[in-house]
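Take a moment to turn the structure around before reading on.

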Amino acid sequence: MAKTFTLYVSTSPYSSENTLSTIRIAEASLNKGHSVNLIASADGIYCFLKKQKAKGITNAEEEFSRLIQKGLKVYL
């Protein structure tokens, strides 16, 4: 049974590993066939700037773009 997950990120991609954790959770959920909503607020908006580096990954914006193609819904 598919479920809907809603994730919230409000920290900048370069200050902690929250962005990487959000990407991993979203990808795992999408791969299992679930719907995923992501709400980005405050410094979390920086995750969607072009070529934005994040701890643990080279480009947060590219990773989220890839997940959007898989069905991630993003609300800024």
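K50 sits in the loop that joins β2 and α2. With a relative accessible area of 70%, K50 is exposed, because exposed means over 50%. Please keep in mind that this is a predicted model. How far apart in space are K50 and N18? Their C-alpha atoms are 18 Å apart, while 32 residues separate them in sequence.

**The sheet**

Now find the strands. There are 3 of them, and they form an open sheet with parallel pairing, in the order β1-β2-β3. The edges of this sheet are β1 (4-9) and β3 (73-75), each of which pairs on one side only. From one strand to the next, the twist averages 20 degrees.

Look next at the pair β1 and β2, which run in the parallel sense and are joined over 6 bridges. Within this part of the sheet, T6 stands opposite N37 in β2. A helix belongs to this picture too: α1 lies across β1 and β2. The angle between α1 and β1 is about 170 degrees.

**Two buried residues**

Is V9 buried or exposed? V9, a residue of strand β1, has a relative accessibility of 2%, so it counts as buried. Leaving out residues up to four places away in sequence, V9 touches T22, L38, I39, A40, S41 and G44.

Which residues is T22 in contact with, once neighbours within four places in sequence are set aside? They are L7, V9, L38 and F64.

**A nonpolar patch**

I39 lies in strand β2 (residues 35-40) and is partly exposed, with a relative accessible area of 34%. Together with Y8 and Y75, I39 makes a nonpolar surface patch of about 320 Å².

**Salt bridges between and within helices**

Let us finish with charged side chains. Side chains of opposite charge can pair when their charged atoms come close. How many salt bridges does a search of the whole structure find? The search finds 3, and here they are:

| Side chains | N to O distance |
|---|---|
| R66 and E27 | 2.7 Å |
| E27 and K70 | 3.3 Å |
| R66 and E63 | 2.7 Å |

Start with R66 and E27, whose side chains meet in a salt bridge. This pair links distant parts of the chain: R66 is in helix α2 (residues 60-70) and E27 is in helix α1, 39 residues apart. R66 is partly exposed at 30% relative accessibility, and E27 is partly exposed as well, at 21%.

E27 also meets K70 in a salt bridge. Here too the pair links distant parts of the chain, with E27 in helix α1 and K70 in helix α2, 43 residues apart. K70 has a relative accessible area of 40%, so it is partly exposed.

The pair of R66 and E63 lies within one helix, and its side chains meet at 2.7 Å, N to O. How does their spacing look along the helix? R66 and E63 are separated by about one helical turn, because they are 3 residues apart in helix α2. At 23% relative accessibility, E63 counts as partly exposed. Salt bridges that share partners join E27, E63, R66 and K70 into one network.

Notes. Residues numbered from 1 in each chain as written. Predicted model: local features only at pLDDT ≥ 70, side-chain atom pairs only at ≥ 80, totals over all residues. Heavy atoms only, no water. Contact = heavy atoms within 4.5 Å. Patch = residues over 30% accessible without salt bridge, like charges linked within 9 Å, V, L, I, M, F, W, Y side chains within 5 Å. Areas by Shrake-Rupley, 256 points an atom, 1.4 Å probe, with all protein chains shown as cover. Salt bridge = Lys/Arg side-chain N within 4 Å of Asp/Glu carboxyl O. Helix = DSSP H or I, 4+ residues; strand = E, 2+ residues; numbered from the N terminus. Buried < 20%, exposed > 50% of the residue type's maximum accessible area, 1.4 Å probe, protein only. Pairing = 2+ DSSP bridges. Axes fitted to C-alpha atoms, helices over the stretch in contact; angles between N-to-C directions.
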